[in-house]
Amino acid sequence: MDLQRLHDDVWTATAPQTMLGLHLGTRMTIVRLPSGGLWVHSPIPLDDEGHEQLRALGPVEHVVAPNLYHHLHVGPMAHAHPGSVVHARPGLRKKRSDLHIDADLQGSTPDAWGDVFTAVHIEGTMLDEVVFLHRPSRMLISCDLVENFNTCEHLLTRVYLRLGGIYQKPGLSRPLRLVFQDRPRARAAIDRVIGLDFDTLVLSHGDLIHEGGPDVVAQSYRWLK
């Protein structure tokens, strides 16, 4: 695992991931809490060496499945770190009855997370995501809020990105806009996100956005009336 340190207490790591033949990749974010324990957001697959790298940063205390689609590697992460608490949206209990979920993820944060996060639930969408502002670093940690592909070597994926209107431009792909069912509620949630005090936008698919995060989110959701 190639850890990228973004802040004194924030790291990310990426892994290849293919969905419907598209090479979109995925990113895990690790935050060290005031307790010294780790908060692991949207886990990626790790080998034994990767898990040892995590343990070198601190004990994994919380494993977070932030929406209804970033859950594939939550179980193995929790299994590799006994005693960790799995947090997920309530709807994931029905979708993944095989996955042991300890706590429902809401638009607020547990006291055990050390009061360093502000959470916003993006309502009105089938993605059902909760995004997190890590206040000490002014980073917004998300999965599918925005995608950002400056380059792409895979032809089919590049065609998808161009048709979706997001190749070499951050945004939300046109096909994903179809999962927004209640646009007024979603618009209200996006406006709450834009009002947060952050600069860097950490996302799962594509390149990190290191500055101007609120403006990027605003531009990405101009279509959401």
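**Entry 1: helices α6 and α7**

I began with helix α6 (residues 183-194) and helix α7 (residues 213-220), which pack at an angle of about 160 degrees with their axes 9 Å apart. I am working on a predicted model, where local features need pLDDT of at least 70, side-chain atom pairs count only at pLDDT 80 or more, and totals for chains, interfaces and linings use all residues. Residues are numbered from 1 along each chain as its sequence is written, and side-chain values use heavy atoms, with hydrogens and water left out.

For the elements I kept the DSSP runs, numbered from the N terminus: helices are H or I with at least four residues, strands are E with at least two. Axes are lines fitted to C-alpha atoms, for helices over the stretch in contact, and angles run from 0 to 180 degrees between N-to-C directions.

α6 and α7 are therefore roughly antiparallel to each other (under 35 degrees is roughly parallel, over 145 roughly antiparallel, 65 to 115 roughly perpendicular, the rest oblique). I noted the crossing of α6 and α7 as left-handed, meaning that the near helix is turned anticlockwise from the far one by less than a right angle; clockwise would be right-handed.

Which residues of α6 and α7 meet? I found I190, V193 and I194 on the α6 side and P214, V217 and A218 on the α7 side, with contact taken as heavy atoms within 4.5 Å. By class, this contact has six nonpolar, no polar and no charged residues. Nonpolar here covers Ala, Val, Leu, Ile, Met, Phe, Trp, Tyr, Cys and Pro; charged covers Asp, Glu, Lys and Arg; the others, Gly among them, are polar.

**Entry 2: the sheet β10-β11-β12-β13**

I next traced an open sheet of four strands in the order β10-β11-β12-β13, with mixed pairing. Two strands pair if DSSP finds at least two bridges between them. β10 and β13 (200-202) are at the edges with a single partner strand each, so one side of each has no neighbour in the sheet. From one strand to the next the twist averages 20 degrees. I also saw α6 packing on this sheet, where α6 touches β10, β11 and β12 and its direction makes about 160 degrees with that of β10.

**Entry 3: strand β11**

Is strand β11 (residues 130-134) largely enclosed or left open? Five of its five residues are buried, so β11 is largely enclosed by the rest of the structure. Buried means under 20% relative accessible area, exposed over 50%, and partly exposed in between (1.4 Å probe, protein chains only). V130, F132 and H134 point one way from β11, and V131 and L133 point the other way.

On the pairing, I logged five antiparallel bridges between strand β10 (residues 117-121) and β11, with H121 opposite V130. β11 and strand β12 (residues 139-141) run antiparallel and are joined by three bridges; there H134 stands opposite M139.

**Entry 4: positive phi values**

Most residues other than glycine have a negative phi. At 33% relative accessible area, R138 is partly exposed.

**Entry 5: strand β6 and its partners**

I then looked at strand β6 (residues 38-41), where L38 and V40 point one way, W39 and H41 the other way, and all are buried. Strand β5 (residues 26-32) pairs with β6 in the antiparallel sense over four bridges, and V31 has W39 as its bridge partner. The hairpin of β5 and β6 has five residues between the strands, and in it G36 takes a positive phi near 95 degrees. With strand β7 (residues 60-65), β6 pairs in the parallel sense over four bridges; L38 stands opposite V60.

**Entry 6: V86**

Last, I looked up V86 in strand β8 (residues 85-88). V86 counts as buried at 2% relative accessibility. What does V86 touch, not counting residues up to four places away in sequence? I listed V63, V74, A78, H100, I101, D102 and A103. A103 is 17 residues from V86 along the chain, and their C-alpha atoms are separated by 6.4 Å.
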